Amino acid sequence: MRSLFGPRSSALCALALAIVFGSIILCGLSKFTRKPFDTQLLALLPERLMEELSPELEARVKAKLTTAEADRVTALVEVPGNPEAARIARRAFLTSLLDSGLFATEPVETPNVKALALENAAGRLLTAEDRAFLENASSAALDERLAATLLNPAGPGILGIARDPLGLYDRWVLEKVATLPVQEAEDSAVGASGDAKASDGTATETSPNSAPDRVLAVRGRDDALVVTLRVLSGAAETGEGRVGRALEEARRSAQNALRGVEGAEGTDAAAVSSLRIDAAGVPLFTDAAATRARDELGRIGAFSTAGVLIFALAFFGRVATLVLLAGSVAAGFAAGLGVALGLFDSLALVTFVFGATLIGVAVDYGAHWFAFAPSMPDPIARRWALAPGLFAAALSSALAYGVLIATPLPGLRQMGILAAGGLLATLAVVLFWLPYADRWAPRRDTRLVRFLEARLPRLPRFGELPRLGQVALALAAVVFLTVGAARIEWASGIRDLQFVPAGLAEAQTRLSAALKLPSPAQVFVVSGATEDAVLATEEKLLAALRADPTLDIHPLALADYVPSAARQTEDARLVREALLRITPRMTEVLGAGPQLPDPSPEAPRITTDAVLATPFGAALGHLRLTSEADVAAGTEKTVAHLVMLSDVRAEHLEKLRALESVAGASEPDASATAAVATRVRFVNLTADMETILTRYRNRVLESALAGFGLLALVALRLFGISNAWRALLPSLFGTLGALAAFGWAGIPVTLFTTLAIVLVLGLGVDYGIFLTRSPTDGRTAAAVLFSGVTTLLSFGLLAASETPALAAFGWTVVYGLCLVWTVAQLVRPRKPFA
C-alpha cells in the first residue's frame, strides 16, 4: 500500500481514476439524456406487481389504469336552482382556462340516437325488464305494446317499425343512455357564433380559443354543468403552481361574470354566493405536489445550505476548502450515479433522492482530510496516516448499503449500487485527487476547531460515570428500547409520498359521487380464449354483483352493451316468438308483418367492434384490454376485458375478492385453438402496492441486519473481540433507538423510516471506527462532530417537511444520529488502538 500511495504511483492512480470516472459519467449521461428519471412510484416496484395476472396482461392493465386520466381535468360548475347562472359561470370559467394557454378542450361523446342503428341489433338487445315482459306477456299485452309503439309521437323509432315494432331496441338505448352520468344541455349563454350574451341579449366578444362547444350537465340536473379539459404536456410538473393558479383565476372569472349580469332575468346576487366549482384530476394533484415539493425544498434547502456553509466556514475558515469538500462528494456521487445508470435502463427519482443521502456519509472522508491538514501539512504523509481508518469506514458503510443489491426488488438494487458506488468513489477522490489540491487546504486551525479539539476528548466515558449514574443510564436505555419496541406500529407508507390538499380531496369525492367515476384502484379483469367466452363470464359476474344488496357498487362492463352469443340467441328467440304473435294484428293495421330475427346460432350477431364504433365507444373503449385480433396476431395469449367499479368501499373488498369464483364453472371455449380457461381476477392496486411496499420495508430491515453482520466481521478483524463492540454499539443503538423513538411517539414505521435507518447504520459504523481507533485525538472527534452536524443540517431538517415520507426520513436521522454520536462518545476506549 505504501508503494501505491507514493508520489509516482499516486499520480498514475489519479490519472487512471480521472479516465475511469470520465468514462463512467459520460456513459451514464448519454443514457440519462435518452431516458431521464422515472417519476412514478411504480418505477420502484417489481415489474410483477399484479401476480395474479400474466406479465403481458398486467402491462395492459397498468397502462389503462395509469395513463387513461394522466392529463385530464374534470370540473363541475354548479349554481343550485339557477340553470341560467350555471351556464354563464361555466362559459366564463371555460374561457378563462383556455386563455391561460395551459388547457385544451377534451371532446366528450354523448350518444346520438341516429348513430346507434346497429346492424343486427333487431331482437338481440333487450333490457332486463323487457326480457321479463316477453317471457310472460299475453297476446293482449303484446298488442297494447304494438299500439303504443305505432302511436309514439317521436316517430317509428331507431330501427323502424318493420324491424322493431315493439320498440324494444329504443327502450334498450334509452336505458343505456340513462346510465351515463352526463347529458347534453342547451347553452343559452352562447350564441350561434359562439359569442357570450350579455344581460340585454347582445353578443359580447369572447376568447378566440372559445369556439362553440357542447354543454354537458349532470344527468337530471340542469344547474350542474360538466367541463372536461386536457392539461398540456409538462404544465403540471414545473412546480410553479401554474395549473392551480389558472383554476383560481377561472373561478374568479366565473364569479365576475355572474356579478356582471346581476339583476338580469334568471340571475341575482345569491347566484354568486351559491356558485360552487369543483375540479379534480391527476394533473391537479401533480401540480399541487410539485408546487409543495418545490416550496419545501426551497425553504428547507435554503436553511440547510446556509447552516452547512456557516458551520463549515467556521470549522475550516476557507471558502476554497468548502468548494473542494463539496466537489469531492459531488464527483463521487456522479460516479455512483453513472454506474447505476450504466447497469439499469433508467433510475427511479426516489432512488436518486435516496442515493443523495450518501452525502451525509461521504462528507466524513473529506472532513477528516482537511481537519488534519494543519497538523500534517505533507499530503502524502497525511494520506498514509489516514488511509487505513478512512478505508475501513468506507468499506464498512459500502457493505451496509451494498446488501440492498442482493434483494430481488429493483428499486432497492438501484439504491444499493448508487450509494455503495458513490461512497467508494468519494474515498478514491479524497485519497488520490485532494492531495493535488492541498494548496487550498486550511493551514491553521480555526478557533472552533481548537475549542472542539480541546473539549471533545474530555467528554465523559460510560466507565467514568459514578456507579449510580451507570446503573441509571443503563436502566433508562433498557426501558427506552424495550417499551419503545413494544409500541412500534408498522405500515407500508403507501400514502406517505402523496401530498393531497384537503380541498382537492373533497372536490374529488364530490365529483366521483356526482359523476359516478370508476375507481382506478379496484377493477375486475376477465380473460378467456374468445371474446364470447369473456362476455359470458362477465354476465355471470355482473349478475353476482347485482344480486348482493350489500354491494351498492356501480359496475361498468362491456357485457352490459354486448351480450354473449348465448344471450343474443335466447333474446332473438323470445322476440321472434313475440313478433309471430303480433303478426296478424300488424298485418291488419299496416298491411305487412314484421321482419323476424333469426335465432339460430349461425345468424349474424352484434359484436364488440360494432358497439365500440358507436358513440358508446368513447365510454367503453378503455374496457377492452385485448381482442381476438391480438390473439390471432400472436401478440397476446388471451382475450381480456376490464370491469370498472365505482363507489367501492373498504367493507366491499372481501366480497369482491370472493366473486373471482364466478368463472369456476366456465369451460375452455371449444372453438379456440388451445384450451384456455376463462378467469376472473379482482385487482386491488392499492392493496398490491401496500403489499409490495411492506415487502420493501421488511427487505430493507433484513438487509440492514445482514449488513450489520458483515460490519461485525470487519470490526472483529480490525479491533479484535475486546474493542469490536465499541465500534458496533453506536450503530446498533442508533438504529434500534430510532425505531423505539417512533414507537414512543406513536408514529408508524414505514419504508421511508427504514431507508433512513440504513443511513444511520452507515454513519454509526463510521463514527464507531474513527473514535475506537483514535479515542483521544481531538481532531478526529472534531471531524466526526462536523460530519454529524452537516448531516443533521442536510437531512435532519427534512423533519420539518409536510410530506410524511420526507418527515419520517428526517426524524429518523435526527433520532438515530443523536443517539449514535452520544453512544460513540460514551463507549470510546481510553487509549488509542494499536
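How many disulfides does a search of the whole structure find? I ran the search on this predicted model. The count came back as 0.

Cys13 has 22% relative accessibility. Buried means under 20%, so I logged Cys13 as partly exposed. Cys27 is partly exposed too, with a relative accessible area of 41%.

**Entry: helix 4**

Next I went to helix 4, which covers residues 128-136. Which of its residues are buried? I noted Asp130, Arg131 and Leu134. I looked down the helix axis, and these buried residues fall within an arc of 105°, so they line one face of helix 4.

I checked the face turned away from that buried side. Exposed residues sit there: Ala128, Glu129 and Asn136.

What do the buried residues of helix 4 pack against? I listed helix 5 (139-150), helix 6 (168-179) and helix 19.

I followed helix 19 next. Helix 19 takes in residues 565-590, and Val589 is one of them. Is Val589 buried, partly exposed or exposed? I read a relative accessible area of 44%, so Val589 is partly exposed.

I also found Val589 in a nonpolar surface patch. Patch residues need over 30% relative accessible area, and Val589 has 44%.

Methods
Residues numbered from 1 in each chain as written. Predicted model: local features only at pLDDT ≥ 70, side-chain atom pairs only at ≥ 80, totals over all residues. Heavy atoms only, no water. Patch = residues over 30% accessible without salt bridge, like charges linked within 9 Å, V, L, I, M, F, W, Y side chains within 5 Å. Areas by Shrake-Rupley, 256 points an atom, 1.4 Å probe, with all protein chains shown as cover. Salt bridge = Lys/Arg side-chain N within 4 Å of Asp/Glu carboxyl O. Helix = DSSP H or I, 4+ residues; strand = E, 2+ residues; numbered from the N terminus. Buried < 20%, exposed > 50% of the residue type's maximum accessible area, 1.4 Å probe, protein only. Disulfide = S-S within 2.5 Å. Arc of directions from axis to C-beta. Contact = heavy atoms within 4.5 Å.
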